[in-house]
Amino acid sequence: MKLVLINAESGKGGGPATICDDIYANFCELDGNEALVCYGRQCNDNASVNRYKIGGKLSLGCHLAMTRLFDAHGLGSVIATKKLVSKLKEYKPDVVNLHNIHGYYINYKILFKYLKEANVPVVWTFHDCWPFTGHCAYFDLAGCKKWQTHCEECPQKSSYPKSLWLDASSKNFDKKRILFTSLGKNLTIVTPSEWLANLVKKSFLKDCNISVINNGIDLNIFRPCKGNFKKEHGIEDKRMVLALASEWTARKGFDDIKYLGQHLPDYYKLVIVGLAEEQLSEVPDNIIGITRTDNVQQLVEIYSEADVFVNASVEDNFPTVILEALACGTPVVTYDTGGCKEEINADCGMLVEKYAKEKLTGAILMLGAKDEVREQACVKKAEDFEKKKMYDLYNEIFFKICN
């Protein structure tokens, strides 16, 4: 079989980029299979992945301008997408696995026209809500339900993918509904969480085949280990609370995380990982702030040394960082958002209602210092999400729809 995977990034960037490459590797382990990853923005240096780059900086820049001025996200990159279609016609895939097709790099109108004409089975992995809205990737913060009927006058026009001028959410909604439903039974939607699957069932894609396959993690990499982080930062006598994100925004609960640092007792130390350089100055002196790192082993050591991992996201799907923390033996306190409650149980974490930062603080204090019993419970829960187990389910879908 031949598989094509399409995502904004490949390998580098975490989240969908890592998941995409993991599905690729697991698929290619089977005799006779081959695959191609098509990406638009950045990739890591893994030469073992067969890749095709969609467009370049000029194409991305023009697409960004179209989005900012005309709210036309996903409708730029015309030449780049036509070249991609030519590549796909030459490659002749048996199945196409879409991931994030937003990200300023692909024209979904041209892509779906090809997919329909080629009559190729499509498995689309949703990592957010963008495929069934007229503009936004998430709508929880805005409390908006227009996506269930018809988007218009978008309250989040200035959020990703930001438009500074026009509001084309109504037209975008109509275009997506027509194009994305045009594949009929040839389209299978995969969501990492039951939460997102339930949203899809309320959208214009409700008649599609919908399956839930959780995100997976590599338990050979993410596992309890010893490190020197506490010693290097002089906090060996403290209980360490860890917060980590690839990008710290309001959606990730940055203000609530900073609140924790000001209201935890002195025998606690909050560590925030993933900050942009300009955000370091926003972090109070009693909080340890660290910029984003691609050093996986360093992350594993930090996860392992933490007593508690805290997730204050108010909009999320099925955050992999929670799984990574559990795999390293660290219990989790998280807001009840998206699929977070599907990742933990009472033995390895606590769930708190969104925006209740005082309760978030209280839950951290209730968990206290990490002990061996809770560490083992966390590792045991993480075993439910071992990546091969998860991505074998993708192979089952690929073979089923092709046969």
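Modeller: Let us begin with helix α8 (residues 254-263): seven of its 10 residues are buried, so the helix is largely enclosed by the rest of the structure. Buried denotes under 20% relative accessible area, exposed over 50%, and partly exposed in between, with a 1.4 Å probe and protein chains only. Helices (H or I, at least four residues) and strands (E, at least two) are DSSP runs, numbered from the N terminus. This is a predicted model, in which local features need pLDDT of at least 70 and side-chain atom pairs count only at pLDDT 80 or more, while totals for chains, interfaces and linings use all residues. Residues are numbered from 1 along each chain as its sequence is written, and side-chain values use heavy atoms, with hydrogens and water left out.

Biologist: Which residues of α8 are buried, and what covers them?

Modeller: The buried residues of α8 are Phe254, Asp256, Ile257, Lys258, Tyr259, Leu260 and Gly261. Their cover includes the strands β8 (239-244), β9, β11 (308-311) and β12 (332-335), together with helix α11 (357-367). Cover is judged by contact, meaning heavy atoms within 4.5 Å.

Biologist: Is threonine 133 buried or exposed, and what does its side chain reach?

Modeller: Threonine 133 is buried, with a relative accessible area of 1%, although it sits in the loop between β5 (122-125) and α5 (169-180). A polar contact is a pair of N or O atoms within 3.5 Å; within protein, one must be able to donate a hydrogen and the other to accept it, and residues adjacent in sequence count only if both atoms are side-chain atoms. Here the threonine 133 side chain reaches the backbone nitrogen of histidine 135 at 3.3 Å. Beyond four places in sequence, the contacts of threonine 133 are Phe139, Trp147, Cys151, Phe173 and Lys176.

Biologist: What should be noted about the backbone angles?

Modeller: Tyrosine 160 and proline 161 are joined by a cis peptide bond, with omega about -10°; proline 161 lies in the loop between β5 and α5. That loop also holds glutamate 153, a residue other than glycine whose phi is positive, near 45°. Glutamate 153 is exposed, at 66% relative accessible area. Asparagine 119 likewise has a positive phi, near 55°; it is found in the loop between α4 (108-118) and β5 and counts as exposed at 54% relative accessibility.

Biologist: How many helices and strands does the whole chain have, and how is its overall form read?

Modeller: The protein chain has 13 helices and 13 strands. Its radius of gyration is 21 Å, close to the 22 Å that the globule rule gives for 403 residues, so the chain is as compact as a globular protein of that length. The radius is taken over C-alpha atoms, and the rule is 2.2 Å times the number of residues to the power 0.38. The C-alpha trace spans about 65 × 50 × 35 Å along its principal axes, and buried residues make up 55% of the 403 residues.
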